[in-house]
Amino acid sequence: MIKEPVISRAIIQTYLNELVDSVESDVVIGGAGPSGLCAGYYLAKKGYKTILFERGLKLGGGMPGGGMMFNKIVVQEEGKEILDEFGITYELFEQGYYVANSLEATACLTDKSLKAGLKIFNLISIEDAIVREQSVHGVVVNWSSVEIAKLHIDPISFETKVVIDATGHPCEITRIVAAKSGGKLSTGSGMIEGEKSMWADVAERLTLENTKQAFPNLFVCGMAANAVFGGPRMGPIFGGMLLSGKKVAGIVEERLKNYT
Ligand code: 48F
C-alpha cells in the first residue's frame, strides 16, 4: 500500500536536509543560465561545495529559447570543446560554426552539473548580498513566489566564501552590491557600466575578458560580465557563455586556494 505521509516526508526531509547543508558553502552561484551551470559543473567536479539559486522553475536561462524561439544554438570553434565535455550533439554548419539543439544543450548542462555534485535550488531568488568590510560573504534569498506576489516576508541568508553573479543581462547581484557599497566595483566608473548593443564578434571576446572579480569575493560571468564591465550583447551564439562559465570556475578555484 502506498502511504501519502511517506511521500510527503520523503520530499520535505530530503529537500530540507540539502537546504540546511547549504547554509555554509565554498561558492554560491546566482542564475542557472549556460554560464552559471557551466561554472557550477567545473567547481563541483573539483570538489568545491557549490550551491546555485535560480529564480525560475526551469533551468537554462536564455538557452532553451535559442534564437527568437528557434530552438537551436550556435557555438563557434573555441566553444566546441565544451560541447564535447557535456556530451552535447552538434553538427558543423559552416567552417567554425556548430549548431546544437538548445533543449539538448540545456538538458546536458543540467544533467552533468547535478551529477558532478552542484546543488541547485530553483524557484529561489537572490535579493541581497552579505557585504562585510568591503567584501562579499554571502547571499540573501527568498522564494521567488514571495517576490512575485510582493509578500512582506523576510528572507534568509546563506554564507559562502565566493559569490558568482551569473544572472545574465540584469546582473542583479552585482547591481545590488554596487548600490550598497556606494559604487566601489572594479569597473571604470565603480558602478555598472551597462550592456551595449548587439555585436557578436566583439561580445564573444569581451565576455571572456570581462569574466573576473567585480568586487572582493564577487565574480561575474556570462552576460552579467558584459553588463557589469560594459560589453555588447551577442544574441544566440553561446560559445562565450560556456567558456566564461569555465573561466570563472578556474579563477574562483585560485581564489579559494588562497582563501583565509
Ligand atoms: O540570462 P541567462 O541565460 O544568463 P547567461 O548564462 O546566458 C546568457 C544567454 O542565455 C543569452 C545571451 C547569449 O548567449 O545573451 O541571453 O549569462 O540566465 C540567467 C539566469 O539567472 C536567473 C534567471 O532566471 C536566469 O535563469 N536569475 C536572474 N536574477 C536572479 C536569478 C536572481 N536574483 N536570483 C536567482 N536567479
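Okay, let's start just after α6, where G182 takes a positive phi of about 70°. When I say helix or strand, I mean a DSSP run, numbered from the N terminus: H or I with at least four residues for helices, E with at least two for strands.

Quick housekeeping. This is a predicted model, so local features need pLDDT of at least 70 and side-chain atom pairs count only at pLDDT 80 or more, while totals for chains, interfaces and linings use all residues. Residues are numbered from 1 along each chain as its sequence is written, and side-chain values use heavy atoms, leaving out hydrogens and water.

How confident is the predictor? The mean pLDDT of the protein is 97, on a per-residue scale from 0 to 100, and 100% of the residues reach 70 or more. Helix α7, residues 200-209, has the lowest confidence at a mean of 94, and β2 has the highest at 99.

Buried is under 20% relative accessible area, exposed is over 50%, partly exposed is in between, with a 1.4 Å probe and protein chains only.

Now the pocket. A pocket here is an open set of points on a 1 Å grid over the protein atoms alone, where a 1.4 Å probe fits, with protein on both sides within 12 Å along at least five of seven lines; lining residues have an atom within 4 Å of a point.

Of the 37 lining residues, G61, G62, T167, G168 and H169 are the closest to the centre. Which element gives the most to the lining? That's β7, with three residues. Elements supplying at least two include α2 (34-45) and α8 (223-229).

On to the ligand. 27 residues surround it, and the closest are S35, E54, G62, E172 and M223, with the cut-off being a heavy atom within 4 Å. For polar contacts, meaning N or O pairs within 3.5 Å, a backbone N or O atom of G62 sits 2.8 Å from a ligand oxygen. H169 brings a polar side-chain atom to 3.0 Å from an oxygen of the ligand, and I237 has a backbone N or O atom 3.2 Å from a ligand oxygen.

Most residues other than glycine have a negative phi. Q134, in the loop between β7 and β8, is not a glycine, yet its phi is positive, about 60°. Q134 is partly exposed, at 40% relative accessible area. N217 also has a positive phi without being glycine, near 70°; N217 lies in the loop between β10 (213-215) and β11 (218-220). Is N217 buried or exposed? At 4% relative accessibility, buried.

N142, in strand β8 (residues 135-143), is buried at 8%. The side chain of N142 reaches the backbone oxygen of I153 at 2.9 Å.

Last one: V252 in helix α9, residues 239-257, has a relative accessible area of 0%. The C-alpha atoms of V252 and I164 are 8.6 Å apart, although 88 residues separate the two along the chain.

Notes:
pLDDT = per-residue confidence, 0-100. Polar contact = N/O pair within 3.5 Å; in protein donor to acceptor, adjacent residues only side chain to side chain.
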